[in-house]
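Open the model in your viewer and keep the sequence panel beside it. We will go from stop to stop, with something to select at each one.

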Amino acid sequence: MAKPAGRRRSYTARGITRLTCCVRGCTNKAKFEWRICADDNLARPICSEHDVALNTLVMRWAFQNTREPDIARYRQRVLG
Ligand SMILES: [Zn+2]
């Protein structure tokens, strides 16, 4: 599967699953999309594992170690 270039319009829930995760070196199928302001706010497909990793990174950056239960709950919900 080709890495999409990113796009302005959001992907559909069905369409996103046809794509590969945008993270360099990752070959997982995408499940979600992410938008980064510094990346021209384009919609980028991302796999479940990288979505959890990114959420964990941002939660710890913003709230230090005060939100570990929320991170664990999100991880459980997304990765099972
Ligand atoms: Zn990935």
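Where does Gln 64 lie? Select Gln 64 in this predicted model and you land in the loop between α2 (48-63) and α3 (68-79). Its phi is near 50°, a positive value in a residue other than glycine. Is Gln 64 buried or exposed? Gln 64 counts as exposed because it has 9 C-beta neighbours inside 10 Å, and the cut-off for exposed is 12 or fewer.

Next, select Asn 41, in the loop between β1 (32-35) and β2 (43-46). Here too the backbone deserves a look: Asn 41 is not a glycine, yet its phi is positive, at about 60°. With 10 C-beta neighbours inside 10 Å, Asn 41 is therefore classed as exposed.

Now move to Arg 8, in the segment before α1 (13-16). Arg 8 has 9 C-beta neighbours inside 10 Å, so it counts as exposed.

Finally, zoom out and colour by secondary structure. The protein has 3 helices and 2 strands, and along the sequence they follow the pattern α-β-β-α-α. The C-alpha trace spans about 35 × 30 × 25 Å along its principal axes. Of the 80 residues, 15% are buried. Among contacts between residues at least 6 apart in sequence, 33% join residues at least 24 apart.

Key: Residues are numbered from 1 along each chain as its sequence is written. This is a predicted model: local features need pLDDT of at least 70, side-chain atom pairs count only at pLDDT 80 or more; totals for chains, interfaces and linings use all residues. Helices (H or I, at least four residues) and strands (E, at least two) are DSSP runs, numbered from the N terminus. A residue is buried if 20 or more other C-beta atoms lie within 10 Å of its own, exposed if 12 or fewer, and partly exposed in between; C-beta atoms are placed from the backbone. Two residues are in contact if their C-beta atoms, placed from the backbone, lie within 7 Å.
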